Amino acid sequence: LVSRKKKADDTVITINGEQIGAGDPSFIFGPCAVESQEQVMKVAEAIGGKGLKMIRGGAYKPRTSPYDFQGLGLDGLKMLKKAADQYKLAVVSEIVTPGHLEAALDYVDVVQVGARNMQNFELLKAVGQINKPVLLKRGMSATVDEFIHAAEYIIASGNENIILCERGIRTYEKATRNTLDISAVPILKQETHLPVFVDVTHSTGRRDLLLPAAKAAIAIGADGVMAEVHPDPAVALSDAQQQMDLGQFDEYYEALMKFMKQY
Ligand code: PEP
Ligand code: MN
């Protein structure tokens, strides 16, 4: 059902008045994790000030170590929703288990399925039954074919509003946190009718690569870019080394807009 052969036209998903997949790139910015009301307010203000329509922030964080910050859960989603409402933004946030879904849907506009859960088939079936868009991230060791099949689980359960998100894969290369598989973007665009995003933060894991990676994503035909923004990355409870601060975010966005005008 996700195949181009089934549906030739691009799927366009409208989120908070913005059309995803209709041509112009969209952007999802926000902190790695929701940490406090003040933190998400500051980021929401910066995003809203640019006329953007979405904010991200994790409340359920799938961390490698059980001793690392696990997220604020439902309280975090409430904080994010409050900040989003103030600046008329849609909330994008990861849900890690079907059991959290119902309560979360009061606060979340786009449900993110994270890389670690790309093949959590019960979660895929559960988000297939909701009437909100799903941002499905590629598993860190998933082939393009496995990624497409994960999306198929969601659409087969009844939800065709799926955004695919390339977020880097695991290779032998250590210069970046993951290896951004940039050619996956046009392949996914050819093979499926779904919009495709690139998460430049988790793919590169390097602040200095966020801009060139986003330019590459847009140039190769991605429908949008995701990147992490935090008011004070040095004290962030997760992903401290790769989030942009608000000043860097301003410069970043300005540089991207300038780049896009060339097209
Ligand atoms: C995230 O976007 O918050 C995240 C944890 O990313 P990924 O699932 O791609 O690792
Ligand atoms: Mn992160």
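This is a predicted model: local features need pLDDT of at least 70, side-chain atom pairs count only at pLDDT 80 or more; totals for chains, interfaces and linings use all residues.

Colleague: What pLDDT does the chain average?

Modeller: The average is 98, and 100% of the residues score at least 70; pLDDT is the predictor's confidence in each residue, from 0 to 100. For the complex, the predictor gives an ipTM of 0.99 and a pTM of 0.98.

Colleague: Why is Gly-51 called exposed?

Modeller: Count the C-beta atoms, placed from the backbone: 20 or more others within 10 Å means buried, 12 or fewer exposed, and in between partly exposed. Gly-51 has 8, so it is exposed. Gly-51 is in the loop between α1 (37-49) and β4 (54-56); helices (H or I, at least four residues) and strands (E, at least two) are DSSP runs, numbered from the N terminus.

Colleague: And why does Lys-88 count as exposed?

Modeller: Lys-88 has 12 C-beta neighbours inside 10 Å, so it counts as exposed. Lys-88 comes after α2, in the loop between α2 (73-86) and β5 (90-94).

Colleague: What is the phi of Lys-88?

Modeller: Positive, about 55°, although Lys-88 is not a glycine. Most residues other than glycine have a negative phi. Asp-239 is another non-glycine with a positive phi, near 50°.

Colleague: How do you know that the length of α5 agrees with what a helix should span?

Modeller: The expected span is 1.5 Å times one less than the number of residues. With 13 residues (144-156), α5 should span 18 Å, and its end C-alpha atoms are 18 Å apart, so the two agree. For α2, 14 residues should span 20 Å, and its ends are 20 Å apart, so that agrees as well.

Colleague: What do the buried residues of α5 pack against?

Modeller: They pack against α4 (121-127), β7 (134-137) and β8 (162-166). Among the buried residues of α5 are Phe-147, Ala-151 and Ile-154. In α2, the buried ones include Leu-77, Leu-80 and Ala-84, and the buried residues of α2 pack against α1, β4, β5 and α3 (98-104).

Colleague: What makes a set of residues a nonpolar core?

Modeller: Buried Ala, Val, Leu, Ile, Met, Phe, Trp, Tyr and Cys residues, joined through C-beta atoms within 7 Å. The largest such core here has 80 residues, and those with the most contacts inside it include Leu-80 and Ala-151. Its largest share, six residues, comes from α5.

Colleague: Which residues surround ligand 1?

Modeller: Among them are Cys-32, Glu-94, Arg-116, Lys-137, Asp-199 and His-202; a residue is near a molecule if its C-beta atom, placed from the backbone, lies within 6 Å of it. The shell divides into two nonpolar, three polar and five charged, where Ala, Val, Leu, Ile, Met, Phe, Trp, Tyr, Cys and Pro count as nonpolar, Asp, Glu, Lys and Arg as charged, and the others, Gly among them, as polar.

Definitions and conventions
Residues are numbered from 1 along each chain as its sequence is written. Chains are lettered from A and ligands numbered from 1 in the order in which they are written. Two residues are in contact if their C-beta atoms, placed from the backbone, lie within 7 Å.
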